[in-house]
Amino acid sequence: MGEFALSADRLSVKRGGLLALRDVSFEVRAGEVFALLGGNGAGKSTTLLSFLGLLKPEAGEARVLGQSAHDNVAAARKQIAYLPEAATLYPHLSAEENISYFLSLAGLRRDKSAINAALERVALQPAARAQRMERYSKGMRQKVAIALALLREAPILLLDEPTSGLDPIAIDDFNILIGDLARSGSTVLMVTHDVYGACQVASRIGLLRAGELVGVFDAPADGRIDTDAVHAAFAGRAAS
Amino acid sequence: MTVVSSLFRELSFLLRQRAIAGLLVLALLLSSLSISTGLTEIAHQRAAIERMVLADKADRENAMAKAEDWGGAAYSSFHLTYLPPSDLAFAALGQRDLSPWKHRVNLLALEGQIHAADTANPELALAGRIDFAFIVSVLAPLLVILLLHDLRAGERAAGRHDLLIATAGRSGGLWPMRASALVATLAVCLLLPFWVGAALAGTQLAKVLAVSLLVCVHLLFWAAVSYWAGARAAAGSVILTGLVGFWLLLTAILPAITRVSIERAISIPAGGDIVLTQREVVNDAWDLPKNVTMEAFVARHPEWENEAQIDRPFEWKWYYAFQQVGDQSAETLSTSYRQGILERDRAASLAAFVSPPVLIDRTLQGLAGTDTRAALAYETTVRDFHARLRTWLYPKLFLEEPFDRAALSDLPAYQPLVVDE
């Protein structure tokens with residue numbers, strides 16, 4: 001295992017013929033929650049997909065536990081639980097069935113009590129668990145996807161807009177959950193538009209703009225990252 | 001997790017999707033229907049043959065009982081010829097829909113009897129029958145396309161693609177597994193009714209295995225094409241349109257172009273012209289000097305030269321001689337008709353290599369003995385049988401043997417062609 005759980009080393013990635021990431025470098029330590037902030041098209045999701053080996057770098061490298069994600073795809077993905085933006089899962093299956101299926105894809109098996117515990121942890125109502133997901137709201141679907149990511153028990157979580165669709169109480173619960181995971185040694189890289197949410201949960205925040213990493217904010221040893229400072233940087237630069 | 005257990009996992013997962021389950025049930029129903037109609041049709045044909053064999057024998061015995069001379073006996077007695085269906089014909093009816101598989105012939109000129117039904121079954125010639133070969137060669141590719149075209153595009157559209165890949169670890173494993181599970185299940189849905197039909201029909205195991213292999217190879221071809229197209233980063237509707245266009249090209253457009261090209265390149269006389277040529281010669285013979293007819297006959301049968309003199313106004317040997325001369329006059333046309341059919345068939349065999357559906361259909365017909373070659377082989381047995389009847393009759397007429405009704409039991413009997421061996 002390398003020194004960092006995740007590292008981008010002068011990473012440049014093209015999507016649709018355009019350079020979506022340009023010479024981006026950052027590291028995420030084990031047990032750290034790192035949030036990438038940025039507007040639409042800033043390259044946030046591209047960064048996550050690069051760590052999953054789904055995109056081939058034009059230059060540089062995305063590394064997972066010190067190994068190139070692109071050259072060691074299977075090994076990299078084994079270490080990662082990924083939560084996509086607006087994960088729909090399968091509408092004709094229940095939450096439990098969806099989770100069982102996706103876990104089996106990863107070669108994992110969890111008993112019903114473990115699945116229920118994870119769903120309990122994300123506060124999905126028990127009555128909804130056996131229902132087909134076609135009846136779920138966006139927030140409920142997101143909770144199931146988060147439960148799936150938890151059940152993967154992977155050391156690294158890549159979260160794409162994880163609080164999208166969640167109500168304020170669920171967002172608070174989620175932030176607590178992320179804090180717990182980090183304390184238990186999990187590494188979290190999340191991308192989001194939500195400046196406030198990122199400051200609540202992240203120990204560091206990277207600001208992406210037009211595919212370039214334009215700033216990194218560190219939390220002070222005794223508190224959280226200053227929301228106003230990040231917001232000013234985010235809004236100011238976006239406006240410039 | 002083993003490959004087999006992964007296959008079963010994907011299968012049980014996929015079968016819970018209504019569209020997929022619906023398509024597979026449709027495949028099972030279509031295959032069952034085609035096998036059922038095929039078995040019914042072949043049972044009807046076998047029953048018809050059984051009835052006709054009995055009726056033919058009774059009718060001939062009745063005619064012969066009334067006959068008073070050799071010529072009259074030959075004139076009024078008809079002989080059933082037929083091509084019995086093979087043990088695989090239920091799966092590929094082929095030319096049995098278009099070409100006659102039964103003729104009742106007598107000792108008059110043969111060409112008219114063979115080609116009189118040349119334009120039979122125009123409706124079936126247009127559409128064909130929905131048999132198992134049609135389902136496998138034409139509709140099965142469409143089912144493969146419908147099942148596989150949005151294997152990935154559907155997941156991309158639903159926003160699950162990246163999650164699936166990230167969770168499954170290797171992208172190379174999930175899609176082939178899903179495609180294999182779907183194609184294998186489709187193959188079972190198509191073949192299961194065939195296997196039942198083959199058991200009921202007593203089809204040889206080698207043929208069952210050959211058909212099963214053909215079906216699997218054909219499905220694999222379309223699965224490979226659909227899989228390749230489905231891997232493009234395009235919308236499912238775009239992939240589907242492209243694949244259906246390709247299917248249309250291979251199953252309808254190319255075969256139609258090929259057929260027209262072959263028909264233009266290899267011309268064959270019309271069956272009606274053969275009938276007309278033969279009948280004109282037979283009719284004209286009544287008005288011609290008898291020696292003209294007999295000279296033409298003796299040219300083919302020099303062994304009867306010394307007995308070819310016709311002294312009376314009507315003699316059976318003259319009558320049957322001008323029947324044969326009628327056939328001789330149509331011989332060139334008839335030969336070029338058969339050669340043309342064979343040449344077209346050979347050309348179609350080569351052209352089939354650019355259209356897998358046509359290739360599969362033709363191969364199934366070949367295995368079932370229902371193809372053009374089988375139809376021509378049957379026609380050859382009719383010609384041979386007719387020649388044997390003439391060989392039996394001519395000595396009696398030309399040597400003027402006294403009529404002996406008991407000797408009629410020595411008439412040659414038709415031996416049907418067995419295509420199951």
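## A residue in chain B

Does Ala377(B) count as buried, exposed or partly exposed, and what number of C-beta neighbours inside 10 Å decides the matter? In this predicted model, Ala377(B) has 14 C-beta neighbours inside 10 Å and therefore counts as partly exposed. The reasoning rests on two limits: a residue is buried with 20 or more such neighbours and exposed with 12 or fewer, and partly exposed in between.

Ala377(B) belongs to helix H17 of chain B, which covers residues 372–398. From Gly173(B), Ala377(B) is separated by 204 residues in sequence, and the C-alpha atoms of the two lie 51 Å apart in space.

## The sheet of chain A

Chain A contains an open sheet of six strands, arranged in the order S6-S7-S8-S3-S9-S10 with mixed pairing. Strand S6 (80–83) and strand S10 (212–218) of chain A are at the edges; each has a single partner strand, so one side of each is left without a neighbour in the sheet. On average, neighbouring strands of this sheet are turned by 15° against each other, direction ignored.

Within the sheet, strand S3 (residues 33–37) and strand S8 (residues 187–192) of chain A run parallel and are joined by five bridges. As a general principle, strands of a sheet pair through backbone hydrogen bonds, either parallel or antiparallel.

## Helices on the sheet

Helix H6 (residues 168–183) of chain A packs on the sheet, where it touches S3, S7 and S8 of chain A. The direction of H6 makes about 150° with that of S8(A).

Helix H1 (residues 44–51) of chain A lies across S3, S6, S7 (156–160), S8 and S9 (204–209) of chain A. The angle at which H1 runs to S8(A) is about 150°.

## Two crossing helices in chain B

In chain B, helix H12 (residues 271–285) and helix H14 (residues 316–329) have axes that come within 8 Å and cross at roughly 145°. The crossing of H12(B) and H14(B) is right-handed. Among the residues that make the contact are Val281(B) and Val282(B) of H12(B), together with Phe322(B) and Asp327(B) of H14(B). Sorted by class, this contact has five nonpolar, five polar and one charged residues.

## Where the chains meet

Between the chains, 18 residues of chain B are in contact with 22 residues of chain A. Helix H1 (3–14) and helix H8 (161–168) of chain B each supply at least two residues of the side that touches chain A. H8(B) provides the largest share of that side, seven residues. By class, the residues of chain B on this side comprise nine nonpolar, four polar and five charged.

Key. Residues numbered from 1 in each chain as written. Chains lettered and ligands numbered in written order. Predicted model: local features only at pLDDT ≥ 70, side-chain atom pairs only at ≥ 80, totals over all residues. Pairing = 2+ DSSP bridges. Helix = DSSP H or I, 4+ residues; strand = E, 2+ residues; numbered from the N terminus. Axes fitted to C-alpha atoms, helices over the stretch in contact; angles between N-to-C directions. Contact = placed C-beta atoms within 7 Å. Nonpolar A, V, L, I, M, F, W, Y, C, P; charged D, E, K, R; others polar. Left-handed = near helix turned anticlockwise from the far one by under 90°.
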